[in-house]
Amino acid sequence: MTAEPRRRTWRPDWPCQVASVAGQQRRGRGDPTYRADDAGRIWRGVRTPLGPATLSLESRPADGEVHARAWGDGAEWMLDAVPALLGADDDWSAFEPRHPVLVEARRRHPHARLGRTGLVMESLVPSIIEQKVTGQEAFAGFRMLVHRYGERAPGPGPDLRLWVQPTPEQLRTVPSWEWLKMHVDHARSRAIVTAARVAESLERTSTLPGEEAEKRISSLPGIGVWTCAEVRQRAFGDPDAVSFGDYHVAKDVGWALTGTPFTDEEMADYLEPWRPQRGRVPTLLGLAGLHRPRHGARMAPRTHIPARVTRH
């Protein structure tokens, strides 16, 4: 029998788009730590500082309420984090769209918010796995990691097939050959294991300004600007974080705003007037579905499992 959940009713002071904001934390359609059920409820399996938790979020727009339930040792922590997770800390008042495309995108999405989890490792591990590979390959590797080394989320988690990411201690024990079976090469697995060794210190960066946090996180080998931006966006809700080095972002921003795809350097120059709100530009373009046509060559999936050598 599933234990009774802890409950919270939260009344945001804007029309909170629960599925859209919570979905910022989703890692692909098959993310084992995220579910959306037929009733429109969002479910997440989360490893909090107090232990694993299952979170259920149900939007009731007619009442202006979000009904949250949580199970597990981290339930109380998770309920306290609901407003931040759904964008209560995000403030768009300093953002000036400037460009007609952004003005229109903002008009169409006036209630967009950036959520923040405050959980660095939760964002960092899948971000490292996603480095320099296709989304399909990265999401598959993340699923395998969670299924093999994570645990079922508490409460109704098993019935929902909902999982929680591995602990840092578990990550440190994954053998090198098992990482290869999960399509994670040595460079990325080493970065994950290194981060897991200093996980407590990394979690403390969630209270720092974005750029200071990035300096500390990127001091670890194998963690660069792109990975830090992905963490700043999700764990910190940082409006200035831009995913430089992404295969699509610079090209899409340039195409949407000038008609010509940008390089990273061109995007950095173009976005500079929006500092410290630069990340809102690609966010708005993404919400508006504005990206260049995908007619060119795509990144090909890579394999990291060495081929067998037959010795004669």
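Predicted model: local features only at pLDDT ≥ 70, side-chain atom pairs only at ≥ 80, totals over all residues.
Figure 1. When its neighbours within four places in sequence are left aside, His99 is in contact with Leu257 and Tyr270.

**Figure 2. Thr167, a buried residue between a strand and a helix.** Thr167 occupies the loop between strand β7 (163–164) and helix α7 (168–172). Its relative accessible area is 15%, and Thr167 is therefore buried. The view also takes in Gly51, which stands 116 residues from Thr167 along the chain. The C-alpha atoms of Thr167 and Gly51 are separated by 9.6 Å.

**Figure 3. The packing of helices α4 and α12.** Two packed helices are described by the angle between their axes and the distance between the axes. For helix α4 (residues 120–129) and helix α12 (residues 225–236), the angle is about 145 degrees and the axes lie 9 Å apart. The crossing of α4 and α12 is right-handed.

**Figure 4. The residues at the contact of α4 with α12.** Helix α4 contributes Val120, Ser123, Leu124, Ser127 and Ile128 to this contact. On the side of helix α12, the residues they meet are Trp226, Thr227, Glu230, Val231, Arg234, Ala235 and Phe236. By type, the residues of the contact divide into seven nonpolar, three polar and two charged.

**Figure 5. The protein chain as the setting of the close-up views.** The secondary structure of the chain comes to 15 helices and seven strands. The radius of gyration is 20 Å, close to the 20 Å that the globule rule gives for 312 residues, so the chain is as compact as a globular protein of that length. Taken along the principal axes, the box filled by the C-alpha atoms is roughly 65 × 55 × 35 Å. Of the 312 residues in the chain, 51% are buried. The accessible surface of the chain comes to about 15,700 Å², and carbon and sulfur atoms account for 51% of that surface. Among contacts between residues at least 6 apart in sequence, 67% join residues at least 24 apart.

Key
Residues numbered from 1 in each chain as written. Heavy atoms only, no water. Axes fitted to C-alpha atoms, helices over the stretch in contact; angles between N-to-C directions. Helix = DSSP H or I, 4+ residues; strand = E, 2+ residues; numbered from the N terminus. Left-handed = near helix turned anticlockwise from the far one by under 90°. Contact = heavy atoms within 4.5 Å. Nonpolar A, V, L, I, M, F, W, Y, C, P; charged D, E, K, R; others polar. Rg over C-alpha atoms; globule rule 2.2 N^0.38 Å. Buried < 20%, exposed > 50% of the residue type's maximum accessible area, 1.4 Å probe, protein only. Areas by Shrake-Rupley, 256 points an atom, 1.4 Å probe, with all protein chains shown as cover.
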